[in-house]
Amino acid sequence: NFTPSSGVFGSAFFTLTGFHGLHVMVGLIFLIIVLLRSLRGHFTVKKHFGVEAAEMYWHFVDGVWIFVFSTVYLLPLIRG
C-alpha cells in the first residue's frame, strides 16, 4: 500500500526515484549518441568533448544517486 499519495515519504520517494530514473534514461540516450558518433569517426585525440560531456553527466547522475540513496534508504534507518 505504498503509493505516491501515502504521505510525505511516499511523495518524496516516488519523486526522487522518478527524477533519477529520468536522468538515467537521458544518460543512456547520451551514451548511445556518443557510441554512434564514435562509430562514424567523429572523435579524435584532440576533438572529443562529446565523450567528456557524457562522462561528466554520468558523474552528475552518480552524485544524485548518492543523495537519493542516502535520503530514501539510509535516513529512515538512522532515524529509526
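Tutor: Accessible areas here come from the Shrake-Rupley method with a 1.4 Å probe, and for residues only the protein chains shown count as cover. On that basis the protein chain exposes about 6,100 Å², with carbon and sulfur atoms supplying 73% of it. This is a predicted model, where local features need pLDDT of at least 70 and side-chain atom pairs count only at pLDDT 80 or more, while totals for chains, interfaces and linings use all residues. Residues are numbered from 1 along each chain as its sequence is written, and side-chain values use heavy atoms, with hydrogens and water left out.

Student: What makes up the secondary structure of the protein chain?

Tutor: Two helices and zero strands. Helices (H or I, at least four residues) and strands (E, at least two) are DSSP runs, numbered from the N terminus.

Student: How do you know that the span of helix α1 agrees with its 32 residues?

Tutor: The expected span is 1.5 Å times one less than the number of residues. For α1, residues 8–39, that comes to 46 Å, and the end C-alpha atoms are 46 Å apart, so the two agree. Just after α1, Gly41 takes a positive phi of about 80°.

Student: Why is His20 called buried?

Tutor: Buried means under 20% relative accessible area, exposed over 50%, and partly exposed in between (1.4 Å probe, protein chains only). His20 has 12% relative accessibility, so it counts as buried. His20 sits in helix α1, whose buried residues also include Phe13 and Val34.

Student: What do the buried residues of α1 pack against?

Tutor: They pack against α2 (49–79). Contact means heavy atoms within 4.5 Å. Setting aside neighbours within four places in sequence, His20 is in contact with Val61, Val64 and Trp65.

Student: And why does Tyr73 count as partly exposed?

Tutor: Tyr73, in helix α2, has 37% relative accessibility, so it counts as partly exposed.
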